[in-house]
Amino acid sequence: MALRFYNTLTQRLEEFRPLDGETVRMYTCGPTVYHYVHIGNFRTFSFQDVLRRVLRMRGWKLHHVMNITDVDDKIIRNAVAEGKSLKEYTERFTQAFLEDAAKLRLERPEKLVFATEHIPDMVAAIQRLAEKRHTYESEGSTYFRIASFPEYGKLSHTNFSGNVAGARVDVDEYEKADARDFVLWKARKPGEPYWDTPLGAGRPGWHIECSVMAMQYLGETIDLHAGGEDLIFPHHECEIAQSESLTGKPFANTWIHTRFLQVDGEKMSKSKGNFYTVRDLVDGDRVDPLALRYALITVPYGKPLNFTRQTLRDAAQNVDRFRECARLADAAKARGAKGASAGFAESLRQLADEMLEAMCDDLNTSVALAKALGGTSVIFKAGDSMTAEDAPAALAFLDEVQALLGIVRPEHGAVQAPSAPQVDEERIEALIAERAAAKKARDFARADAIRAQLDAEGIELRDTPEGTHWRFKTTP
RNA sequence: GGCGUCGUACCCAAGUGGUUAAGGGAAGGGUCUGCAAAACCCUCAUUCGGCGGUUCGAAUCCGCCCGGCGCCUCCA
């Protein structure tokens, strides 16, 4: 079963193999920590997470580096406005990003790297570019001369010969020799943070950090580079120009780009301000984080995802099926009934195989999720007749879904959403016990009153053969 | 203007030359249940934006048209 991805560079579906046949060296562009990261960003990060899982399941080791951009115009503007140092300002949002990522069950990349911790490396790289005559200086800033890199445009498949018709050119940047040239090192501006370096006082341009950190930790040619579709141009194009001018070798073999997430049919962007963050939804609206994760991966990365409240509701329904299945399997194990149901384990085995196969086919999460849900149908059909011999197959299936898609179990293994508010669990258990007693005494009015009371508090009761379970209602 | 992408049921969505067009949600009916929820069963596109063409055969290939969206500017 070949593993295939759509490579932006070649515009083809290609079989993927790491260069050394063993370890996948991948670099992904992480967030710029000037604000809480929105769910559009997290669509991209969720796909990268699922990509990691597939690669690992194929038996490869991972060396994944993700950068955190902790110096840029917006960060500086906001930090200055709040009278904080860069570090003070960015630490808070970096931390928030990591917390949100954990809620969505995103695995930590093997290495997180920060731009501000690599200033001397970037300066050295710019100096080497200067030696190779790829740069020029203007008004204290250093620019990359695009004319020195004929292949510029090969990733975005843009032909830059002649005029860039219709392209909007930043009129402020009159100091550039060519509109396509980009800044490697920005001259210090009054009142802004800066570094004193041989290039002069200033700070790095945006693109150089990724080239430098990727090559420093992963080598001159990496297997896989990924990011959002907006990064194709100019960011990744510039990374290629810098890196390949420096080494003369291909910077990355495979480029994977995620299409944008939209909200209610409209583009979501920080500048428009119509964005949701994980904490808005999970902490604020009490959305099940697994449902959010599910929603973010329902549509494969190559197609735009229109995120709506309905998307979230659909996802929440499906995520619940996995939880219920896990409960059924645990109950079957506890009951200890003998024998194996005909075809049960085999059906699940096959669905699990088909699920992985779908993921290997350019990360087709839609099909993979359909297979995973097919497994829940098999498990539900067995239902209470599931035996103790069947249970391990069911649990193994759920484990595989979890390992590949991460939508079965929340962080702490709890049945209720991790964002659940603090409640007095003893009191709830006492009420459940009281209700059980009322039911036994056929005092259904009292039993229903207890159900209604808890329901009003956002707690749902579910009667099962193993007793009454409770959980928080989620909002979608 | 350049580059790209998509248009499948009420909604989301798979399928990209050949059995009955996956799967999920919603909706309606039924089983089960003191109630509730869940689950299970049944129903839910003779048809894939439109019009032509290629082919024994197309949602799938080609052409034109219509419409959506994205990038080209900070942006995942």
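Okay, let's start with a definition: the expected span of a helix is 1.5 Å times one less than its number of residues. Keep that in mind for a moment.

Quick housekeeping. This is a predicted model, where local features need pLDDT of at least 70 and side-chain atom pairs count only at pLDDT 80 or more, while totals for chains, interfaces and linings use all residues. Residues are numbered from 1 along each chain as its sequence is written, chains are lettered from A and ligands numbered from 1 in the order in which they are written, and side-chain values use heavy atoms, with hydrogens and water left out.

Helices (H or I, at least four residues) and strands (E, at least two) are DSSP runs, numbered from the N terminus.

So, helix α5, residues 206-218. Its 13 residues should span 18 Å at 1.5 Å a residue, and its end C-alpha atoms are 19 Å apart, which agrees. Is α5 mostly covered or mostly open? Mostly covered: 10 of its 13 residues are buried, meaning under 20% relative accessible area with a 1.4 Å probe, protein chains only. Among them are His 207, Cys 210 and Leu 218.

Five strands form an open sheet in the order β6-β7-β8-β10-β9, with antiparallel pairing; two strands pair if DSSP finds at least two bridges between them. β6 (135-138) and β9 (195-197) are at the edges with a single partner strand each, so one side of each has no neighbour in the sheet.

Zooming in, β7 (residues 141-144) and β8 (residues 182-187) run antiparallel, joined by three bridges. Tyr 143 has Val 183 in β8 as its bridge partner.

Key
Buried means under 20% relative accessible area, exposed over 50%, partly exposed in between (1.4 Å probe, protein chains only).
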